[in-house]
Every structure is written in structure tokens, then in C-alpha cells.
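Grab a pencil and keep the viewer open.

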Amino acid sequence: MHTLRPLLEAARNRTLTGAHRAGMSIDQIQHFFLHQVNLNILTETMAVLGAAARSPSAPVRCSWTAVASGDTYMLAGIGAGFQWGSLCLRHA
């Protein structure tokens with residue numbers, strides 16, 4: 001994963017920024033939805049976030065998801081053009 005280090009660090013920084021702006025730490029987030037087709041990149045991203053024990057939700061086209069009030073979510077996209085973004089949500 002040496003060649004992916006810049007991408008992984010950028011994804012880590014963007015995800016941490018999204019959590020920080022929401023007033024949360026990575027440990028407080030229950031669900032991760034990371035958009036990236038490469039499973040190795042998803043796994044490595046979770047590792048650099050310190051959340052390797054939790055796996056990101058598998059990419060889905062459309063689904064119904066049962067959630068509890070207060071659950072937190074991290075949505076993040078990691079693109080081929082070294083573009084990324086993140087959004088942290090809490091279910092009210």
C-alpha cells in the first residue's frame with residue numbers, strides 16, 4: 001500500500017475533518033459508508049482512521065436500513081482524481 005499512502009492520508013484527514021466539524025471523534029461514529037470500488041483501499045482507509053475493527057458498509061445501490069435514534073454515520077468519497085469529501089450525520 002506504499003503507493004497509496006498519499007491518498008490514504010488525504011482520505012484520513014478529510015474524514016477526521018468531517019467528524020471534527022460535527023463535534024465528534026472517529027470512535028463515536030457507528031456506521032461508515034465509504035465510496036470506493038477498491039476493497040483494499042477501503043480496508044486501508046479504515047486502518048489509518050484507527051477504525052479497522054469496524055468494517056465499512058459494503059457499497060449498495062439502494063437499500064432500506066434500520067437505524068436507531070442517535071446513530072452516527074460517516075459518508076466519505078475517495079475518487080480516482082485524488083478528490084475526496086466527507087459528511088458526518090446523526091440520526092435524530
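Helices here are DSSP runs of H or I with at least four residues, numbered from the N terminus. Keep in mind that this is a predicted model.

**Exercise 1.** Find where Leu7 sits, and decide whether Leu7 is buried or exposed.

*Solution.* Start with the element: Leu7 belongs to helix α1, which covers residues 5-21. Next, the cut-off: buried means under 20% relative accessible area. Leu7 comes in at 7%, so it is buried. Now look across the chain: the C-alpha atoms of Leu7 and Trp84 are 9.2 Å apart, although 77 residues separate them in sequence.

**Exercise 2.** Check the length of α1 against what its residue count predicts.

*Solution.* The expected span is 1.5 Å times one less than the number of residues. For the 17 residues of α1 that gives 24 Å, and the end C-alpha atoms are 24 Å apart, so the two agree. After α1 comes Gly23, with a positive phi near 75°.

**Exercise 3.** Work out which residues Thr15 touches beyond its sequence neighbours.

*Solution.* Thr15 is also in α1. Its relative accessibility is 2%, so Thr15 is buried. Skip the neighbours within four places in sequence, and its contacts are Ile26, Leu49, Met74, Ala76 and Ser86.

**Exercise 4.** Classify Leu89 and find its nonpolar patch on the surface.

*Solution.* Leu89 lies in strand β3, residues 84-90. With a relative accessible area of 37%, Leu89 is partly exposed. Leu89 forms the patch with Leu75 and Leu87, and together they have about 230 Å² of accessible area.

How values were computed:
Residues are numbered from 1 along each chain as its sequence is written. This is a predicted model: local features need pLDDT of at least 70, side-chain atom pairs count only at pLDDT 80 or more; totals for chains, interfaces and linings use all residues. Side-chain values use heavy atoms; hydrogens and water are left out. Helices (H or I, at least four residues) and strands (E, at least two) are DSSP runs, numbered from the N terminus. Buried means under 20% relative accessible area, exposed over 50%, partly exposed in between (1.4 Å probe, protein chains only). Contact means heavy atoms within 4.5 Å. Patches are made of residues with over 30% relative accessible area and no salt bridge: like charges are joined within 9 Å, nonpolar side chains (Val, Leu, Ile, Met, Phe, Trp, Tyr) within 5 Å. Accessible areas come from the Shrake-Rupley method with a 1.4 Å probe; for residues, only the protein chains shown count as cover. A salt bridge is a side-chain nitrogen of Lys or Arg within 4 Å of a carboxyl oxygen of Asp or Glu.
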